[in-house]
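Here are my notes for you to read with the model open. They run as numbered points, each on one topic.

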Amino acid sequence: MPNYRAMKAEFFTKFKDSVKKDNLYEFLKASKAILSTWKESDFKNLIELTIREVLLDFIKSGADIVLLERVFQFSIDAALQDAAAGNIPVLVIGDMFESSTIIECETYFSFVESRVDIFKKDIFFKVCKNHLLRSCNDLLKRLSRSQNTVFCGRILMFLAHIFPLSERSGLNIISEFNLENTTAYNTNDDMFNDIASEKGDAAEEGEISSQNQSSFVVDKNLYQKFWSLQDYFRSPNTCYNKMQWRQFTNCTSDVLTVFGSFKSDDANSSKWKQAKLPSPNGSCVYFAKYLTSPKLLELELSDSHFRRYVLVQFLILFQYLSLPVKFKLESYVLTEEQQNWVKETSKKIYKLLEETPPNGEAFSRDVQQILQREEYWNAWKNEGCPDFKPLSDRAEVEKKLTKRPIEDIHTYPNKKASAEVTKIWNTKPNNWEACRSAKRNFVPSLETYFGITPKTEGGQVIQKRDTTDSKYTWKALRLLCMKSPYIFTANSTPAKSVSEYLDTIIQKVAKEKPQIQQDNMTVETAVAEDETMEDTNEDFFPNSEEDSKDEVKKENVLTKALIQTISSKLQDNWKTLAVKLGFQDDEIEYYETFPDTKAQTEQMLTVWMERDGNLAAFTKILQSAGLLSGVLSLITS
């Protein structure tokens, strides 16, 4: 085998020349001829090492960006031709990021942005996704979210394009809030006294002249109310506290009143002109973090962009408070009075957005549509973020659901379509519209569905139905619930047979109500029927108390009372039990938000009871977890 160091130097020179000539094919062809006797793994390792060393040499020498992008493209081509491993492009771009400044990284990042479709291929995605995610996260840690806001957004958008929507690493599964994003503001009285004294002073160089100043005065009360709202935007759950809600509504009303009285000017005609700040690429400069100086509040309130930021924050908060979220506590529900306040305040905010130039009405409509779309995402998260079907699958389903044209019914080659089918097919051009017809919205009477017809002597004739048919019995019981709720008495003991029970109910309806229409039943008749059916049900329910107790034991269900009893015994090991019961890590994190271990255990067991609730299965799980001995006496008692 030739000298490895000399071979490496030769490959370095050849690959560098191929990059400058933009000809990777000749390099790969020559390298395969030279290394034909090498193992495949050794050959790939040498190619990868050569690519990365040439890249670092170009970066060190300050080479043109065209050459750097060409090296990156060569790494992709080498992987596609099986001359290098599939993760080599990510290693190359990672070397670029680690050896360059932030401004240079922003330029290099366009290399991967423009090749999203390539990274989605199986040869790259399976081996690159973790490396790519790590490189992007490392780059985000180097950036400032207030100064490099656009670059941070580009990285997040790239990751959103690469990874599927159901990728758990990119989802806020349990709806956590960034509580560390605090907004600090001034509480010193001297600052506001200085503002009042500066009103009469002459303007210094670079300041706005006094003739452009408004009569609006920022006092300490308004200033603190305005910026204290950021605490509620940061942590919306505090609004469910009665005292916090009262303070929030008070601050909101005062701030919206100021917004309504202190109108914003158009950006082109505003007396508060935005300063022309220099920027490296000539783009507009803005700041992602609020500036909370009391001297700036008057300027901020007159700025249309700032007003929009704050008003949209209100709407986002209101939507969260009103919508059902899976990981909210049960107590986090607005009262009817609070809901009405939210609706009225939302109307005021939309009106203020319409009055805020430029293009206020269009902006207000866009915000409303975005929030409506957000409701669908919230419902998707509540369902556990299921995978989306590919577009091709959805197109195939829609194709199958598409109704054939009416005239096609007459062109069937087998000519087996009956006249009735043709009549139904051609009744209405749109099948979906026909399904929504009011004529389909009806509930049959008991006599019609059960086949009860009167005799000439005044008696009743019952057309025998198959009460063992599960579809028929299910519909019959649903109909009895809707038409005759008094038939079902309050008894927790199950009937011996649904079929026998239903037969008896039909006989009673036919016997006792020959002339009465079930749809117009009076209260007196309902009460009488209820009393009569109590006697009837005795034939189908156990009579003795001992039999009733035995039957209840056979239900074998984990009850709320039992959960409250055993929670104190299981609270020290509830996380171990949660894993045995099949709960995921994000669900366990949600239970940890409850105040103590006993409440956490009760909530976990209550959720499991609603899912399964089988006491025998629960006992087996306790035994496998080694926790049965401590609660066995409580379960069997």
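**Notes on the model**

1. Start with the charges over rings. The charged end of arginine 308 sits over the ring of phenylalanine 363, at 4.2 Å from the ring centre. Lysine 328 does likewise with tyrosine 320, its charged end being 4.4 Å from the centre of the ring. The rule here is NZ of Lys or CZ of Arg within 6 Å of the ring centre and within 35 degrees of the ring normal.

2. A word on the ground rules. This is a predicted model, so local features need pLDDT of at least 70 and side-chain atom pairs count only at pLDDT 80 or more, while totals for chains, interfaces and linings use all residues. Residues are numbered from 1 along each chain as its sequence is written, and side-chain values use heavy atoms, with hydrogens and water left out.

3. Aromatic pairs next. The count comes to 30, where rings of Phe, Tyr and Trp (its six-membered ring) pair if their centres lie within 6.5 Å, and planes under 30 degrees apart are stacked, over 60 edge-to-face and the rest tilted. Phenylalanine 15 and phenylalanine 27 make an edge-to-face pair, 5.1 Å centre to centre with 65 degrees between the planes. Phenylalanine 15 is in helix H1 and phenylalanine 27 in helix H2, so the pair ties together parts twelve residues apart in sequence. Helices here are DSSP runs (H or I, at least four residues), numbered from the N terminus. Both phenylalanine 15 and phenylalanine 27 are buried, where buried means under 20% relative accessible area, exposed over 50% and partly exposed in between (1.4 Å probe, protein chains only).

4. Another edge-to-face pair is tryptophan 377 with tryptophan 380: 5.5 Å centre to centre, 80 degrees between the planes. Both lie in helix H16, three residues apart, about one turn of the helix. Tryptophan 377 is partly exposed at 29% relative accessibility, whereas tryptophan 380 is buried at 9%. There is also an aromatic cluster formed by Tyr232, Phe233, Trp245, Phe248, Phe314, Phe318 and Trp341.

5. Now the packing. The largest nonpolar core has 54 residues, and Phe72, Met96, Phe109 and Phe158 touch the most other members. By nonpolar core I mean a set of buried Ala, Val, Leu, Ile, Met, Phe, Trp, Tyr and Cys residues joined through side-chain atoms within 4.5 Å. Leaving out residues up to four places away in sequence, methionine 96 touches Leu55, Ile59, Leu68, Phe72, Tyr108 and Phe111. Apart from that core lies another of 39 residues, among them Trp245, Cys251, Tyr320 and Val325.

6. How many of the eleven residues of H5 are buried? Nine are, so H5 is largely enclosed by the rest of the structure. Met96 is one of those buried residues, along with others including Ile88, Val92 and Phe97. Their cover includes H3, H4, helix H6 (102-113), helix H7 (116-119) and helix H8 (122-142), with contact meaning heavy atoms within 4.5 Å.

7. Have a look at lysine 44, in helix H3 (residues 40-60). This lysine 44 is buried, with a relative accessible area of 18%. Not counting residues up to four places away in sequence, lysine 44 touches Asp82, Ala83, Ala84 and Ala85. Aspartate 82 itself belongs to the loop between helix H4 (65-80) and helix H5 (88-98), and has a positive phi of about 60 degrees although it is not a glycine.

8. Aspartate 22, in the loop between helix H1 (4-21) and helix H2 (24-34), has phi near 55 degrees, positive in a residue other than glycine. Proline 357 and proline 358 are joined by a cis peptide bond, with omega about -5 degrees; proline 358 is in the loop between helix H15 (336-355) and helix H16 (360-382).

9. Finally, helix H30 (residues 628-636). Its buried residues are Leu628, Val631 and Ile635. They cover an arc of only 90 degrees around the axis, which puts them on the same side of H30; the arc is that of the directions from the helix axis to the C-beta atoms. Exposed Ser629 and Ser633 are on the face turned away from the buried side. Helix H25 (560-570) and helix H29 (615-624) are among what covers the buried residues of H30.

Note on methods
Helices (H or I, at least four residues) and strands (E, at least two) are DSSP runs, numbered from the N terminus.
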